[in-house]
Amino acid sequence: MEINAKPNTRFSGQTALVTGASRGLGREIARRLAQEGASVCVNYVARAAEADSLVGEIRVAGGRAIAVQADVGDPSQVERMTAQVTKELGPVSLLVNNAGVIFRATLETFESAGMERMRQTNVDGLIYVTRAVVPGMKERGYGRIVNLSSIAAHGTSLPGNAFYAATKAAVSMLTRRFAMELGRDGITVNAVAPGFILTDMVRESRTEEEYQGLVRSISERSMVGRAGDPRDVANAVAFLLAPESGFITGQILTVDGGRMDYISHP
Ligand code: NDP
């Protein structure tokens, strides 16, 4: 049901940094924050054209956005990005640590290079970007941080996700610990744990047939009977970033349509 209310501007005057916003969930989150009035930094690592197209879309709609290339796993690139956003859009009060990669493997096919790449982006990247924006948030006594964990971290039965899940378990734990550390400074830190959402990540290294089969089986194992749309996640992130969500911190909000295939389930 669509209610034709006046546009929501709850993020007006705030600057958002969304990592990995050229595609998938990050793109939808950045779009949503811009629609609600935030100035948005669209971070990406390789796909400049995708990031630029989103920035163009936001500007045409009357919003403010810039695209900034930086590998979140490289602290010097993160520092450069943070300085550029602050200079061009203002100090960051909304941070979404979304950038993430997956290298599927089993115990037999495990390779430390894949694990290292996941750790650098999914875990170290989150730490570097948080560390870069927190001093400014502390100075102003206000900040909202949302990290992208995954239901893989709760323990799902999808094959090949074990090592990725371990990096996302680290994301969930860092969320709670950073929330503890930063709460008195007016900064909340929460995570969203999405289920199976239709983006490039879930297609990666799967044939079209495998992918379609997975969408069908995941839909059957979800209480709402479908796979997720990036807007499902953007909604949850926007809720946690909202000014009125200041009494919610250290939480991991599951957005998975009610999946019924956790390891502990029959
Ligand atoms: P995609 O693979 O579709 O997009 C990944 C995004 O991250 C791209 O914008 C990519 O940039 C960027 N990125 C990758 N590595 C880096 C890096 N080192 N530095 C900066 N940016 C980087 O992923 P999704 O949108 O599906 O996933 C987003 C987040 O949500 C991830 O953390 C993922 O683990 C998590 N998640 C996703 C789920 C899903 O079902 N899709 C489920 C649970 C969690 P570029 O375009 O330039 O390559």
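Reply: **Pockets, ligand and cavity**

The second largest pocket has a volume of about 150 Å³. This is a predicted model, in which local features need pLDDT of at least 70 and side-chain atom pairs count only at pLDDT 80 or more, while totals for chains, interfaces and linings use all residues. Residues are numbered from 1 along each chain as its sequence is written, and side-chain values use heavy atoms, with hydrogens and water left out.

Some terms are needed at the outset. On a 1 Å grid over the protein atoms alone, a pocket is an open set of points with protein on both sides within 12 Å along at least five of seven lines, whereas a cavity is a set of points where a 1.4 Å probe fits but cannot get out; lining residues have an atom within 4 Å of a point. Points are joined across faces, edges and corners, and a volume is the space filled by probe spheres set on them.

The lining of the second largest pocket consists of Arg-31, Ala-34, Gln-35, Glu-57, Ile-58, Ala-61, Gly-62 and Gly-63. Helices (H or I, at least four residues) and strands (E, at least two) are DSSP runs, numbered from the N terminus. By class, this lining has three nonpolar, three polar and two charged residues; Ala, Val, Leu, Ile, Met, Phe, Trp, Tyr, Cys and Pro count as nonpolar, Asp, Glu, Lys and Arg as charged, and the others, Gly among them, as polar.

The largest pocket holds about 950 Å³ of space. Its lining comprises 44 residues, and those nearest its centre are Asn-98, Gly-100, Val-101, Thr-199 and Met-201. The lining of the largest pocket is made up of 20 nonpolar, 14 polar and ten charged residues.

The ligand sits in the largest pocket, in the sense that more than half of its atoms lie within 2 Å of the pocket's grid points. Around the ligand are 33 residues, the closest being Ser-22, Ala-46, Asn-98, Tyr-164 and Thr-199; to be near, a residue needs a heavy atom within 4 Å. Helix H1 (24–35), strand E2 (39–44), helix H4 (112–140), helix H5 (162–182) and helix H6 (200–203) each provide at least two residues of this shell. The largest share of the shell, three residues, belongs to H6. Its classes are 16 nonpolar, eleven polar and six charged residues.

A polar backbone atom of Ala-46 is 2.7 Å from a ligand oxygen, and one of Val-72 is 3.0 Å from a ligand nitrogen. Tyr-164 places a polar side-chain atom 2.5 Å from an oxygen of the ligand. Of the 910 Å² of accessible area that the ligand has on its own, the protein covers 97%, by the Shrake-Rupley method with a 1.4 Å probe.

A search of the whole structure finds one cavity of 30 Å³ or more, and the largest cavity has a volume of about 60 Å³. Of its 13 lining residues, Asn-97, Asn-98, Ala-99, Thr-121 and Leu-126 lie nearest the centre. H4 supplies the largest share of this lining, five residues.

Terms used:
Polar contact = N/O pair within 3.5 Å; in protein donor to acceptor, adjacent residues only side chain to side chain.
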